[in-house]
Amino acid sequence: MTPPTPSAATPLEVIDESVEKSPSPSTPKGNESRSPGRLAWKRFRRDRTGVISAYIVIFFFVIAIAAPLIAKLYGKDPYTTYASQRPELLNAFSYPAGPNGGMSSEFWFGIEPQLGRDVFTFLLYAIRTSLGIAVAATILTTVVGVVIGVTAGYLGGRTDYLVGRIIDIVLSFPSTLFFIAFMPVIYGIFVAADDDVPTWLRATAMIILMAAFGWASIARLLRGQVLGLREREFVEAAKVTGASPMRIVFKELLPNLATPIIIQSTLMLPAFVTAEAGLAFLGVGMIDPTPDWGVMIQRGAQFYTEDLTFMLFPGLSMVIFVLAFNLLGDSVRDALDPKSKR
Amino acid sequence: MSNAKPLLNVSGLTKHFPVKGGFPIRRTVGAVQAVDGLDFQVGEGESLGLVGESGCGKSTTGRLITRLLEPTGGKIEYRGQDITHAGRAQLAPIRSEIQMIFQDPYASLNPRQTVGKIVSGPMEINDINPAGGREARVRELLEIVGLNPEHFNRFPHEFSGGQRQRIGVARALALNPKLIVADEPVSALDVSIQAQVVNLLQKVQQELGIAFVFIAHDLAIVRHFSQRVAVMYLGKIMEIADRDDLYNNPRHPYTRALLSAVPEVTVDDIPRERIRLQGDVPSPINPPSGCRFRTRCWKATDKCASEAPPLVEVEGNKPGHLTACHYPETADSVPAPRLSKDPQAAA
Ligand SMILES: Nc1ncnc2c1ncn2[C@@H]1O[C@H](COP(=O)(O)OP(=O)(O)OP(=O)(O)O)[C@@H](O)[C@H]1O
Ligand code: SF4
Ligand SMILES: [Mg+2]
């Protein structure tokens with residue numbers, strides 16, 4: 001559940017190869033400015049892998065956002081058990097009657113074994129749920145990590161020491177075990193023993209718990225960066241002119257932290273996607289009938305010897321997404337921080 | 001020294017950095033006596049040079065004056081107002097009058113801000129709206145420091161070191177300051193560019209009548225720039241005098257040693273002999289008793305070890321020329337080089 005521990009400090013210098021070659025900006029090439037962001041964008045666009053990965057990732061997000069619309073056009077939903085009205089869809093052993101998991105022009109990705117739900121819409125909504133949870137967890141984790149890390153680094157002293165120890169503890173925590181053991185306990189606190197746990201509670205609990213374990217690594221990284229940055233002379237220059245601590249944090253420090261923050265969150269998101277699926281698979285995250293990547297894979301695992309197709313769609317789509325996102329993360333890092341290129 | 005009230009009056013200024021150590025509970029085990037009892041004044045429009053070897057506390061002094069650091073002791077008065085422990089709110093009206101130029105032109109500009117933002121930042125913070133708008137003022141400032149005013153929307157990485165330092169100067173000028181603390185503003189630059197930047201600062205000082213505390217580690221640069229020069233060693237002022245007094249009649253052995261390293265200076269018309277100081281600068285955590293220079297002074301006696309020489313107008317000094325030495329140099333005193341002659345300098 002803990003996202004990968006970040007690579008060491010990310011440099012904040014802006015690298016512009018063309019400037020290094022000709023260090024005389026007094027010969028202006030027009031007046032357009034080459035902002036650090038624009039330089040990174042230029043580097044990114046030259047990276048074929050990164051661009052292709054970006055398209056794949058965007059495709060997944062579009063699907064997730066447009067899932068209800070697509071389902072409407074397609075004319076099915078992920079909850080209806082189509083086989084109960086049309087028992088001919090499933091064979092005697094409750095497996096899809098048609099070949100390839102029942103794939104047809106009507107059921108594009110086939111039919112679910114036993115219940116006979118539509119795999120295509122189920123997958124659409126599964127992506128929607130899983131990405132939604134992962135994105136929310138990423139945003140929450142990043143915000144918490146940035147706030148705590150920047151505060152600790154900027155204030156220093158006792159606060160920093162205390163936060164540092166808490167980070168150590170959180171990072172050494174066996175978070176996966178904790179999840180498996182305590183998710184039921186948490187549900188128990190809010191829901192009576194024999195009531196169903198509402199989906200929103202499952203989602204919220206998971207997002208909060210993932211953030212609770214995830215913030216530490218980004219906070220530690222940012223704390224270190226801020227410790228280095230606040231000694232920089234440009235921060236002193238701002239202080240000499242009377243800048244408030246707020247202004248120093250938001251105008252002087254945060255813009256220089258954008259690179260590590262972006263890099264960290266792009267690494268974090270795919271980690272959360274797999275973590276969320278893993279929890280669902282283990283039965284402590286989302287559960288059937290909520291469409292979810294992990295739920296689908298878990299159900300697929302029950303039938304894969306007889307009906308591989310049902311396992312294939314969620315499995316492959318998830319592998320493609322996580323791979324593309326990780327490649328994208330690498331490209332983003334290379335573009336923002338060209339020195340780290342191996 | 002001017003007869004009028006000085007712009008800046010520093011007395012007994014002290015800064016000790018606590019040294020933490022110990023495990024598992026960190027506690028203060030000592031103090032770096034970075035600055036230990038400085039007294040000096042800077043008059044309106046005057047330039048004071050602050051010279052000394054690395055680690056003697058020059059930057060600390062500069063940061064104390066600009067109140068980036070909290071003094072441990074002593075007093076800083078600006079225009080008669082005590083700002084020694086003034087907080088951010090109390091300093092606000094003075095902030096615009098005391099500015100700073102930093103040593104490292106690569107670290108002193110925020111890489112994520114355009115030149116325009118960097119230079120207009122001080123105006124934004126202090127809510128100053130010059131006639132014609134901030135952008136016009138930025139262009140004007142860039143023009144003053146010799147940069148193309150059309151470059152205001154460029155980023156620092158698009159400029160060379162010398163140009164960046166000019167941007168730093170423009171930022172310092174943005175608020176029309178009365179006093180600028182320049183902390184080794186050229187020591188990070190190529191020798192060929194140093195003169196240009198010094199000339200710019202000189203122009204600024206003369207045309208705009210800004211007082212300077214100009215920090216440098218040798219006496220060569222300060223010579224062209226400062227009316228008064230203070231020589232520091234291990235957190236204390238060894239000698240302070242008007243420029244010509246100091247260069248022509250150095251009374252402190254340390255000043256003499258520093259001067260002997262300046263190429264174009266001939267002390268008392270005696271052919272220059274380079275004085276090579278023996279040993280290293282002692283640690284400011286545990287400075288020598290008595291005179292701090294005694295471990296490297298060729299004239300040190302028991303008195304130097306037991307009694308700290310006061311910074312006073314010793315006999316033979318012009319008014320305003322203060323020296324902290326029990327046995328001040330005189331024109332005919334035999335300098336140390338006889339003992340530790342630098343063979344290269346003689347050749
Ligand atoms: N924040 C700090 N904490 C602890 N010690 C410090 C701190 N800042 C400076 N010092 C110590 O104070 C002494 C004086 O440092 P300072 O930077 O003022 O020297 P300097 O004369 O500017 O030297 P340089 O020519 O190298 O810039 C040094 O021994 C330094 O190690
Ligand atoms: S007081 Fe003594 S040790 Fe110090 S400079 Fe003078 S002669 Fe040398
Ligand atoms: Mg310094």
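User: Which residues of chain B are the closest to ligand 1?

Analyst: This is a predicted model, in which local features need pLDDT of at least 70, side-chain atom pairs count only at pLDDT 80 or more, and totals for chains, interfaces and linings use all residues. Residues are numbered from 1 along each chain as its sequence is written, chains are lettered from A and ligands numbered from 1 in the order in which they are written, and side-chain values use heavy atoms, with hydrogens and water left out. Around ligand 1 there are 13 residues, a residue being counted if one of its heavy atoms lies within 4 Å. The closest of them are B:Ser54, B:Gly55, B:Lys58, B:Ser59 and B:Thr60.

User: Which element gives the largest share of the shell around ligand 1?

Analyst: Strand E2 (27–42) and helix H1 (58–65) of chain B each supply at least two residues of this shell; helices (H or I, at least four residues) and strands (E, at least two) are DSSP runs, numbered from the N terminus. By class the shell holds 5 nonpolar, 5 polar and 3 charged residues, where Ala, Val, Leu, Ile, Met, Phe, Trp, Tyr, Cys and Pro count as nonpolar, Asp, Glu, Lys and Arg as charged, and the others, Gly among them, as polar. The largest share, 3 residues, comes from H1(B).

User: What percentage of the accessible area of ligand 1 does the protein cover?

Analyst: Oxygen atoms of ligand 1 lie 2.5 Å from a polar side-chain atom of B:Thr60, 2.9 Å from an N or O atom in the side chain of B:Glu184, and 3.0 Å from a backbone N or O atom of B:Gly57. On its own, ligand 1 has 630 Å² of accessible area, computed by the Shrake-Rupley method with a 1.4 Å probe. The share of this area that the protein covers is 62%.

User: Is B:Arg63 buried or exposed?

Analyst: B:Arg63 is found in helix H1 of chain B and touches residues of both chains, including A:Glu233, A:Glu236, B:Phe102 and B:Asp183, when residues up to four places away in sequence are not counted; contact means heavy atoms within 4.5 Å. Buried means under 20% relative accessible area, exposed over 50%, and partly exposed in between (1.4 Å probe, protein chains only). Because its relative accessibility is 15%, B:Arg63 counts as buried.

User: How many of the 8 residues of helix H10 of chain A are buried?

Analyst: Helix H10 of chain A covers residues 233–240, and among its buried residues are A:Glu233 and A:Glu236, both of which B:Arg63 touches. Just after H10(A), A:Gly242 takes a positive phi of about 95°. The helix is mostly covered, and its buried residues number 7.

User: Which residues are the closest to ligand 2?

Analyst: The shell around ligand 2 divides into 9 nonpolar, 2 polar and 2 charged residues. It holds 13 residues, and the closest are B:Cys291, B:Cys297, B:Cys304, B:Cys325 and B:His326.

Key. Polar contact = N/O pair within 3.5 Å; in protein donor to acceptor, adjacent residues only side chain to side chain.
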